[in-house]
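Visitor: Hi, I'm new to this one. Could you put it up on screen and walk me through it?

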Amino acid sequence: MGSTHSYEPCPKCGYQFASHTLYYNIQQQSIFCERCGYSLLEDGQKCEESHGIGAFSLGFEGTVISNGSLAEGGIEELLKDFEEGKIVDKNGQPPTVLTYTFRENGEWYSKDLISDEVKLFPINLFSGKEDTDEVVE
Ligand SMILES: [Zn+2]
């Protein structure tokens with residue numbers, strides 16, 4: 001299935017690098033914002049839009065990082081599962097990457113649960129890769 005991937009502004013929060021994938025031969029597009037968790041899946045028939053309160057990233061040794069959006073109460077759930085050691089890969093190993101975003105006083109922050117650090121959400125997560133278009137066959 002052919003697709004193109006690019007970064008475009010998030011229609012909800014305006015983040016410049018929302019991930020936009022277009023599957024050109026089946027007329028489907030998806031948008032995911034790693035800052036606010038907004039997602040859109042659209043094809044010729046339907047349009048599924050979801051507004052999260054934030055987003056999270058999760059990765060394990062030797063795997064690609066996956067992203068998801070957080071619904072209301074999602075942060076509490078994520079913290080609880082992490083503290084109870086429920087977030088593990090198929091070998092029972094803890095994650096190497098686990099961050100989530102949240103908004104406070106008009107700014108977006110990213111909390112890293114592995115290092116226990118809170119940072120301002122980076123303007124560009126993909127350093128050195130600004131607004132590029134890449135084609136994946
Ligand atoms: Zn957004």
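Visitor: How many of the ten residues of helix H1 are buried?
Guide: One, so H1 (residues 74-83) lies largely in the open. Buried means 20 or more other C-beta atoms, placed from the backbone, within 10 Å of a residue's own. Helices are DSSP runs of H or I with at least four residues, strands are E runs of at least two, and both are numbered from the N terminus.

Visitor: And what comes just after H1?
Guide: Gly85, which takes a positive phi of about 70°.

Visitor: Where do these numbers come from?
Guide: Residues are numbered from 1 along each chain as its sequence is written. This is a predicted model, where local features need pLDDT of at least 70, side-chain atom pairs count only at pLDDT 80 or more, and totals for chains, interfaces and linings use all residues.

Visitor: OK, new topic: how many residues has the largest nonpolar core?
Guide: It has 17, and Cys10, Tyr15 and Phe56 are among those with the most contacts inside it. Such a core is a set of buried Ala, Val, Leu, Ile, Met, Phe, Trp, Tyr and Cys residues joined through C-beta atoms within 7 Å.

Visitor: Which strand gives the largest share of this core?
Guide: E6, with three residues.

Visitor: Why does the core lie between domain 1 and domain 2?
Guide: Because both domain 1 (3-51 + 125-136) and domain 2 (54-120) give residues to it. Those bounds come from an automatic or database domain assignment.

Visitor: How many helices and strands does the protein chain have?
Guide: One helix and eleven strands.

Note on methods. A residue is buried if 20 or more other C-beta atoms lie within 10 Å of its own, exposed if 12 or fewer, and partly exposed in between; C-beta atoms are placed from the backbone.
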